[in-house]
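Subject: Structure handover

Hello,

Here is the structure you asked to look at, with some notes on what turned up in it. Please read them with the model open beside you.

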Amino acid sequence: MLDGSPGTWRCILRRDGEDLRTGLGLGKGSRDEARTGALFEALEHYLCGVDGLDPAEIRLARGHTLAKGPLSRDIAVGLLGRVPDQSLGCLPYRSLAGAPDVLVPLFLSMPEYLGAAGARARRVAGDSYDYRAVGRYSVNNGWAAGADPVEAAVHAINELIERDALSLLLIGQFLRERPERLAVVDPATLPDEVAALLAFAEAHTGRRVHLIDMTSDLGVPAYTAYLPAPHGQPARICGWGASLSRRYAVTRAVSELIQLHSTMHLREQYAHLLPEQRDDTGPYPELHACYLSDFTTALASAELRAYEDTVAPDTPQGHLDRLLTVLRGHGFAVYQRDHHVTADLAVVNVLVPGLERFMLVTDGQVVVPGARGMAARGRG
């Protein structure tokens, strides 16, 4: 891969000499961080799929009941109330705010549950729901692995905030009548080690990398490390990051860009382990613009912002407490499932109903923003 600091490592889980279908993980950062991250991601990918799902844990709930419940702010859950009422497979989640436990539809965070790989689990659970109307909103969102459930929850919430911010960035640039002015970080103001990482990324890719500030109204620093694509092709060699620590958010975004660039060749080698890529947005020009994610024109008139460090908690519990305070302060509920927990590993899924999942459009899915995204669009 890319053996160094920064570096990129891959991990493939095998059983009896055969690659596990969902056991592919990539890691980035320093050499030790990259190796550990690759292992954790491979375990996460395996355990958060149907191969790590016990069908006996699945509970059935009526779609119309879910659409009227505490998850209704999620656009995909809301859609359940607009189609014929049927029972669908769910798993129990606990509230991180002391509210009652809830049943969360599996399709929200486990795309392969809807396909051939999930057929047995659906059959055992008695789930015969017609997912055609809502399946395009299915995404492995809010999954994370860590040394314990608290650490994993911090990673999961950061991912949700990151993807929400990316969704709002796309909406602000390509769905508004008057696009928002883009904001980028002034590279001359970066701390030395972050500037060195950015310089490495530009040397590694042979091109200039733009640090787009996509921090939303939540106030949690969120960034895109953006590498323009050839005209007419989607920009996919990019990185994203969100964290209470601005330094970590930027570092994660740049490191992810390096990871994606250094692993481009893996798409063919491990195509059987990766989801099928297709673009259905062609007939919809605005959605197709989101799919392409071409910020080149907007960068020409972007606001240049000086980098400033943030003061972040020094423990995972401190991070989790502050993230929950931020989300609750903006009216969001937070639910968590401890999917797999041992003494050394925790894989969790976190759901925050109302945060955007519109970034699915970059996978070529024909989706529309939820209420939060539509409000952002309307401001333009």
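Which strand gives the most residues to the lining of the largest cavity? Strand S13, residues 346–351, does, with three residues. Keep in mind throughout that this is a predicted model.

First, the cavities. The largest cavity has a volume of about 110 Å³. It is lined by 15 residues, and the closest to its centre are Asp 74, Asn 141, Leu 160, Leu 351 and Arg 357. By class, the lining of the largest cavity has nine nonpolar, three polar and three charged residues.

The second largest cavity has a volume of about 30 Å³. Its lining includes Tyr 226, the residues Pro 228, Ala 229 and Pro 230, and also Asp 294 and Thr 296. Four residues of the lining of the second largest cavity are nonpolar, four are polar and one is charged.

Next, a pair of helices. Two packed helices are described by the angle between their axes and the distance between the axes. For helix H5 (residues 149–174) and helix H12 (residues 371–378), the axes come within 9 Å and cross at roughly 35 degrees. The crossing of H5 and H12 is right-handed. On the H5 side, the contact is made by Asp 164, Leu 168 and Ile 171, and on the H12 side by Arg 372, Gly 373, Ala 376 and Arg 377. Sorted by class, the residues of this contact are three nonpolar, one polar and three charged.

H5 and H12 turn up again at a pocket. The second largest pocket holds about 380 Å³ of space. Of its 19 lining residues, Leu 168, Glu 180, Met 214, Thr 215 and Ser 216 lie nearest its centre. H5 and H12 are the elements that give two or more residues to this lining, and H5 has the largest share, with five residues. The lining of the second largest pocket divides into eight nonpolar, four polar and seven charged residues.

Last, the overall layout. The protein chain is divided into domain 1 (7–48), domain 2 (55–137) and domain 3 (152–321). The centres of domain 1 and domain 3 are 22 Å apart, taken over C-alpha atoms.

Regards

Definitions and conventions. Residues are numbered from 1 along each chain as its sequence is written. This is a predicted model: local features need pLDDT of at least 70, side-chain atom pairs count only at pLDDT 80 or more; totals for chains, interfaces and linings use all residues. Side-chain values use heavy atoms; hydrogens and water are left out. Domain bounds come from an automatic or database domain assignment. Axes are lines fitted to C-alpha atoms, for helices over the stretch in contact, and angles run from 0 to 180 degrees between N-to-C directions. Helices (H or I, at least four residues) and strands (E, at least two) are DSSP runs, numbered from the N terminus. A crossing is left-handed if the near helix is turned anticlockwise from the far one by less than a right angle, and right-handed if clockwise. Contact means heavy atoms within 4.5 Å. Ala, Val, Leu, Ile, Met, Phe, Trp, Tyr, Cys and Pro count as nonpolar, Asp, Glu, Lys and Arg as charged, and the others, Gly among them, as polar. On a 1 Å grid over the protein atoms alone, a cavity is a set of points where a 1.4 Å probe fits but cannot get out, and a pocket is an open set with protein on both sides within 12 Å along at least five of seven lines; lining residues have an atom within 4 Å of a point. Grid points are joined across faces, edges and corners, and a volume is the space filled by probe spheres set on the points.
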